[in-house]
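Visitor: Please take a close look at one helix here. Then follow what surrounds it, through the charged pairs.

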Amino acid sequence: MQTNNRILAIDFARGLSVVLMILVHTMLVYGDAATRNESVLGQVVHILGQGAPMFLVSMGISFVFSRKQSFRGSLKRGGIILLAGYTMNILKFIVPTLFFGGLPVPFVEAYGMTYGDPSNMVFFLLLGDILQLAGLTLILMAFIVRFSKSKYVPLVLALLIVMVSSELRGYRPGIVGLDYICDLLWGATYQVYFPMFPWSAFILIGLFFGMWFREKGSDQAFLFKSMLVVGLGLLTVGVLMCLYDFTYHFGDYYHLGPGGSLGLMGLNLVALWAVNLLTTHVKTNRAFKFLYYCSRNVTSLYITQWVLINWGMSVFGFWGHQGVVVLSLMLLFLLLSLSLVYLKNNYRTLLMSQKNPESLSK
């Protein structure tokens, strides 16, 4: 976003989301069953794990102010993020298999596969994560903005996606290649964690608020007040639907039904309103600056942390640790991820300083 149009609450939320993801992913990979499901730490991390939708809503809002919002620029950006997603899969799964002695047996079996089966690598290469969702939805938003200036188009499309997701879930025509595309759209298995139905709706609702914000002359007070009102409404409807039939509406976090999607969408809109209160009334400090830095490097951090966590299984194993060790690993992977991203961003400056130490003092 342009400097004069930045919304600090969105930067804060996006930065916080990626930090929380690192903690959640560490727990999911290294915590044993008791730690993940029964401990206080596991419950706290489970709650923190609901922060991914806040990242998606923030992405939709940010799209409106992106310098690459042109049709061609958005298509290119979507394609780059898709490529980054599959490159991340190569680094996460193929590299450990070829150079680190293979993925842990329990990890492979957790996906219901037989260890040593060559087809496993195809499965992992095509694994759908949040980057595939982001890339495909960016391409979708490019077409939305190209052919309509109405803010209600992404809103109606988001609600439609939410309402039909459960009915479409798992449909495959039985045609190689097309089946995989259907999995990316509305898959029911864990080869795709974030299918577009319903998860793209979270990005589209953010696009709706971003367009509304711009329409109102970039009035941040109006933006977050609207988020609060709409968020409370969606949260109420979603909770009522889940109370009526929890299994259908919220049986599986990664493959939500209508009630779960609406409730989680509303909860994260309310959370963004609360974040805005924080960034408005609390003076910017080091913690805030840290989260803004994470926001600026969100894609690099996301890829780096997943690669490090997966590579770490060759050292620390899979699903085998409890409280203090898991906490230590969370801190380790957070620091390693930040350090590598910092080095990536500043390696030229560091190289110059080694060749000419006096250059840093000028």
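This is a predicted model: local features need pLDDT of at least 70, side-chain atom pairs count only at pLDDT 80 or more; totals for chains, interfaces and linings use all residues.

Guide: The expected span of a helix is 1.5 Å times one less than its number of residues. Side-chain values use heavy atoms, without hydrogens or water.

The 14 residues of α16 should span 20 Å at 1.5 Å a residue, and the C-alpha atoms at its ends are 20 Å apart, so the two values agree. Eleven of the 14 are buried (under 20% relative accessible area; exposed is over 50%, partly exposed in between; 1.4 Å probe, protein chains only). The helix is therefore largely enclosed by the rest of the structure. Its buried residues are Val298, Leu301, Tyr302, Ile303, Thr304, Gln305, Trp306, Val307, Leu308, Ile309 and Asn310.

Val19 sits in helix α1, residues 8–30. Val19 has 11% relative accessibility, so it counts as buried.

Now compare helix α4, residues 52–63. Its twelve residues should span 16 Å; the end C-alpha atoms are 17 Å apart, which agrees. Twelve of the twelve are buried, so α4 too is largely enclosed by the rest of the structure. The list runs Ala52, Pro53, Met54, Phe55, Leu56, Val57, Ser58, Met59, Gly60, Ile61, Ser62 and Phe63.

Next, the charged pairs. The whole structure holds four salt bridges (a side-chain nitrogen of Lys or Arg within 4 Å of a carboxyl oxygen of Asp or Glu).

Go back to α1. Arg14 pairs there with Asp11; the closest N and O atoms are 3.1 Å apart. Both residues belong to α1, three residues apart, or about one turn of the helix. An α-helix has 3.6 residues a turn, so residues three or four places apart point the same way. Arg14 and Asp11 are both buried.

The pair of Asp129 and Lys92 is next. Their side chains meet in a salt bridge at 4.0 Å, N to O. Asp129 lies in the loop between α7 (119–125) and α8 (130–147), Lys92 in helix α5 (71–99), so the pair ties together parts 37 residues apart in sequence. Asp129 is buried, as is Lys92.

The bridge links distant parts of the chain, 64 residues apart. Lys151 is in the loop between α8 and α9 (152–168), while Glu215 is in helix α11. Lys151 has 9% relative accessibility, so it counts as buried. Glu215 has a relative accessible area of 48% and is therefore partly exposed.

Arg214 is at 38% relative accessibility, so it counts as partly exposed.

Conventions: Residues are numbered from 1 along each chain as its sequence is written. Helices (H or I, at least four residues) and strands (E, at least two) are DSSP runs, numbered from the N terminus.
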